[in-house]
Amino acid sequence: RQHEAPRRVKRAWVIPPISVSENHKRIPHLLVQIKSDKQQPGGVIYSIKGPGVDEEPLGIFSIDKFSGKVFLNAMLDREENDRYRLRAFALDLGGVTLEDPTDLEIIVVDQNDNRPLFRQDVFTGRVVEGAEPGTCVMTVDATDADDPDTDNAALRYSILEQGAAGMFSINATTGEICTARPGLDRETMGVYNLTVQAADMSGDGLTTTAMAVIYLEDINDNPPEFTKEEFSMEVEEQAAGVDVGKVFVHDKDLAGSPSWLAKFTILEGDPEGAFAIRTDPHTNDGVLSVVKPLDHEVRDRFELTVSVQNERPLEPSAPGSPRALATVRVRVRDVNEAPVFRENPRRISVLEGTPPGTPITTYTASDPDTHQIQTLSYALLYDPADWLQLDPHAGTVRTKRELLHPSAFLQGGWYIALVLARDDAEPPLSATGTLSIEILEVNDHAPQLQPPAGVLCGRPGRGGTLLLGATDDDRPPHGAPFHFQLSPQHPQLARNWSLARFNVTHAVLAVLAELPEGPYSLPLLLRDSGTPPREQQQLLNVSVCHCGRDGTCLDGALAAATAGAGITLGALLIILGSTILLLVLAALGAARVRGRRRALRKGLLQRSRDDMRDNILNYDEQGGGEEDQDAYDINQLRHPELFSPRAKPPLRRDAPLGSGTPMAPRKLPSSPSDIEDFINEGLEAADSDPSVPPYDTALIYDYEGSGSVASPLSSIVSSLTDEDQDYDYLSEWGPRFRRLADLYG
């Protein structure tokens with residue numbers, strides 16, 4: 001095979017970039033015609049591929065496959081795609097590639113078809129009032145979708161409208177808004193509304209607008225001012241913690257800001273600090289109040305100087321105000337005030353046992369209303385023991401009864417009472433005072449020996465001692481220590497006995513010589529330590545017993561000695577109580593028997609239709625008359641030996657001791673008028689005879705008198721129809737027949 005010499009290869013086909021304006025309206029539009037160097041007539045087929053052909057967006061470009069002409073089939077938008085890159089192919093009729101694929105680039109030329117757009121419709125900025133010119137407030141900015149490398153996106157800013165003042169300016173390139181001149185005053189205009197514009201093509205193209213709102217921030221360039229120079233108020237005396245009134249102020253600064261909030265100060269006229277002033281947070285006015293009670297009688301009016309300023313300091317450039325001070329006149333109105341106890345509580349001391357009616361103090365109150373004529377009256381509000389009496393006009397306190405120790409109404413030796421003072425105003429007011437009375441202890445009790453009896457051995461030094469004690473109802477210092485001594489009135493006691501102090505309340509009794517067994521009564525003198533001291537002589541019952549070897553009493557001797565040592569106070573009380581009980585029972589029994597007999601006699605007299613003889617002679621028991629309350633004792637018949645003359649006659653309870661024997665036999669009365677004396681003599685004889693039964697001599701009821709004009713008692717019923725019978729003589733028989741005389745006389 002013959003080697004071929006090298007030859008030059010022809011460069012492949014190249015298509016330069018094609019430019020087409022966006023928004024081209026002549027459709028279809030021929031963009032370019034491509035040709036292959038190996039083109040044969042009717043023998044080459046052309047095709048293109050890429051975005052806008054067989055890729056999204058589809059159908060924008062197309063090619064004539066035989067001539068190679070490329071057409072634009074739709075309007076282009078540079079803001080969506082600023083260029084398209086396609087691939088061009090050349091094939092023969094058999095589909096064999098004639099040329100390598102080449103690039104076909106279509107560039108979309110920009111047109112000014114987009115207006116500028118502000119990033120927001122309203123821009124907001126703040127600047128303090130009084131800011132210097134050139135103070136930047138904020139920046140507005142806009143965008144343009146056109147090609148930034150062309151004038152289509154070259155933006156310029158301007159202020160279309162801001163009012164007549166022209167207080168702000170804007171940088172045309174950056175959109176920064178700044179103050180243009182001095183004089184920004186929030187109190188004059190607090191908000192500025194600016195209309196700003198953005199234009200492309202360096203200000204000559206398309207435009208758009210937005211709002212720029214600028215707020216002026218407040219500074220304290222206006223001092224607060226009182227609405228007037230003087231304010232007048234009034235308040236009741238004794239009122240505290242109440243509002244008196246308001247002082248009104250005005251501030252041009254922003255309401256609610258620290259530059260607006262007022263602060264008040266009382267400069268003069270209140271040296272005691274009786275007033276206070278605070279700020280009402282809603283109205284910014286000053287509220288004057290009373291913090292200490294005022295007294296009309298001491299001072300009836302005040303003139304206060306009050307100043308006002310802001311919480312935030314005033315700007316140095318701000319002018320001062322002549323109304324930063326005001327005068328407040330406060331009048332104190334007089335009202336009725338309650339009485340006052342200047343000394344509360346009142347403490348006094350009173351001796352125990354002070355007699356009733358003794359003045360102990362004068363407890364009065366004073367009326368603060370010196371400008372009003374009022375009278376005070378007093379009353380005891382609390383007197384638990386009802387011990388005091390109070391003069392309602394003078395307030396003098398006196399004792400009503402004695403108050404002694406101990407008492408349930410005393411608290412630690414003090415008696416508490418409450419006194420009420422009331423004025424006569426309308427309505428009346430009152431005050432309460434506490435009266436504390438100390439009940440001073442008085443030495444009114446002598447010490448008492450405890451125990452009052454004892455037993456000891458009669459040999460000196462061998463159990464011959466006895467521990468004695470004493471008690472005192474008085475409180476210290478009127479009680480212990482106690483002083484024990486043998487009675488000075490019996491000096492002979494010192495030969496056999498001695499008393500030695502054991503402690504402040506006890507002493508030791510000792511025998512000095514051997515004493516025989518038996519009871520002894522020792523008079524002792526006991527004295528307390530009160531002022532003045534009280535002493536009392538008391539008997540000590542001592543039983544000297546038979547001593548054992550160890551100096552103690554033997555059991556038998558001790559029992560006998562104890563039995564003979566005397567009756568103790570407890571035993572005496574038991575005996576006395578038993579005696580009283582027996583007397584009460586006896587009285588009840590006697591009353592019951594007497595009631596039965598009276599009822600029986602009443603029934604006998606009222607049976608006027610029965611046989612009076614039967615009624616009178618029907619006795620249930622035979623006694624010694626009405627005075628005899630003892631029934632007949634049948635034991636006298638059953639055991640006559642007990643009642644023989646040799647035996648000791650029993651004593652009658654109703655007969656006096658030492659009375660003589662009754663008169664017997666008695667002489668019968670000689671006339672009917674002596675019947676009363678006859679019965680009385682028989683009754684006296686029965687009552688005076690202790691040796692006979694109570695039915696012996698007072699039972700002569702069958703004697704009706706001698707030569708009496710009256711018929712026998714058995715004929716009373718049969719004589720009821722006899723009008724001539726006169727029974728008035730029964731009244732002469734004594735009290736026992738007056739009842740019959742009343743019935744039949």
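1. Let's start inside. The largest nonpolar core has 24 residues, and F226, F264, F275, V328 and V330 touch the most other members. A nonpolar core here is a set of buried Ala, Val, Leu, Ile, Met, Phe, Trp, Tyr and Cys residues joined through side-chain atoms within 4.5 Å. Buried means under 20% relative accessible area, exposed means over 50%, and partly exposed is in between (1.4 Å probe, protein chains only). Two or more residues come from each of β18 (230-236), β19 (242-247), β21 (262-268), β22 (275-279), β23 (286-290), β24 (301-310) and β25 (325-333). Those element names are DSSP runs numbered from the N terminus: helices are H or I with at least four residues, strands are E with at least two.

2. A word on what you're looking at. This is a predicted model, in which local features need pLDDT of at least 70 and side-chain atom pairs count only at pLDDT 80 or more, while totals for chains, interfaces and linings use all residues. Residues are numbered from 1 along each chain as its sequence is written, and side-chain values use heavy atoms, with hydrogens and water left out.

3. Now zoom in on F264. Contact means heavy atoms within 4.5 Å. Setting aside neighbours within four places in sequence, F264 is in contact with F226, V247, V249, I277, R278, T279, N284, D285, G286, V306, S307 and V308.

4. On to the rings. A search of the whole structure turns up ten aromatic pairs. Rings of Phe, Tyr and Trp (its six-membered ring) pair if their centres lie within 6.5 Å; planes under 30 degrees apart count as stacked, over 60 as edge-to-face and the rest as tilted. F226 and F264 make a tilted pair, 6.1 Å centre to centre with 50° between the planes. F226 sits in strand β17 (residues 225-226) and F264 in strand β21, so this pair ties together parts that are 38 residues apart in sequence. Both F226 and F264 are buried.

5. F275 and F302 are another pair to click on. Their ring centres are 5.1 Å apart and their planes stand at 75°, so the pair is edge-to-face. Since F275 belongs to strand β22 and F302 to strand β24, the pair ties together parts that are 27 residues apart in sequence. F275 counts as buried at 6% relative accessibility, and F302 counts as buried at 10%.

6. F118, F123 and Y157 form one aromatic cluster. Elsewhere, K49 lies over the face of F89, at 5.5 Å from the ring centre. For a charge to sit over a ring, NZ of Lys or CZ of Arg must be within 6 Å of the ring centre and within 35 degrees of the ring normal.

7. How many disulfides does the structure hold? There are three, a disulfide being a pair of cysteine sulfur atoms within 2.5 Å. Number the bonded cysteines of the chain in sequence order and the pairing reads 1-2, 3-5, 4-6.

8. Take C136 and C178, a disulfide with its sulfur atoms 2.3 Å apart. The link is right-handed, with 70° about the S-S bond. C136 is in strand β10 (residues 136-139) and C178 in strand β14 (residues 176-179), so the pair ties together parts that are 42 residues apart in sequence. C136 is partly exposed, at 38% relative accessible area, whereas C178 counts as buried at 12%.

9. Then there is the disulfide of C457 and C547, whose sulfur atoms are 1.4 Å apart. The torsion about the S-S bond is about 135°, so this disulfide is right-handed. It links distant parts of the chain: C457 is in strand β34 (residues 453-457) and C547 in the loop between β40 (535-545) and α1 (555-563), 90 residues apart. C457 is buried, with a relative accessible area of 1%, and C547 counts as buried at 8%.

10. A disulfide also joins C545 to C553, S to S 1.5 Å. With -70° about the S-S bond, the link of C545 and C553 is left-handed. C545 counts as buried at 3% relative accessibility, and C553 is buried with a relative accessible area of 18%.

11. Last stop, D82. Where is D82 found? Look in the loop between β5 (69-72) and β6 (83-92). D82 is partly exposed, with a relative accessible area of 35%. Leaving aside neighbours within four places in sequence, D82 is in contact with I107 and V108. D82 and I107 are 25 residues apart in sequence and 6.3 Å apart in space, C-alpha to C-alpha.
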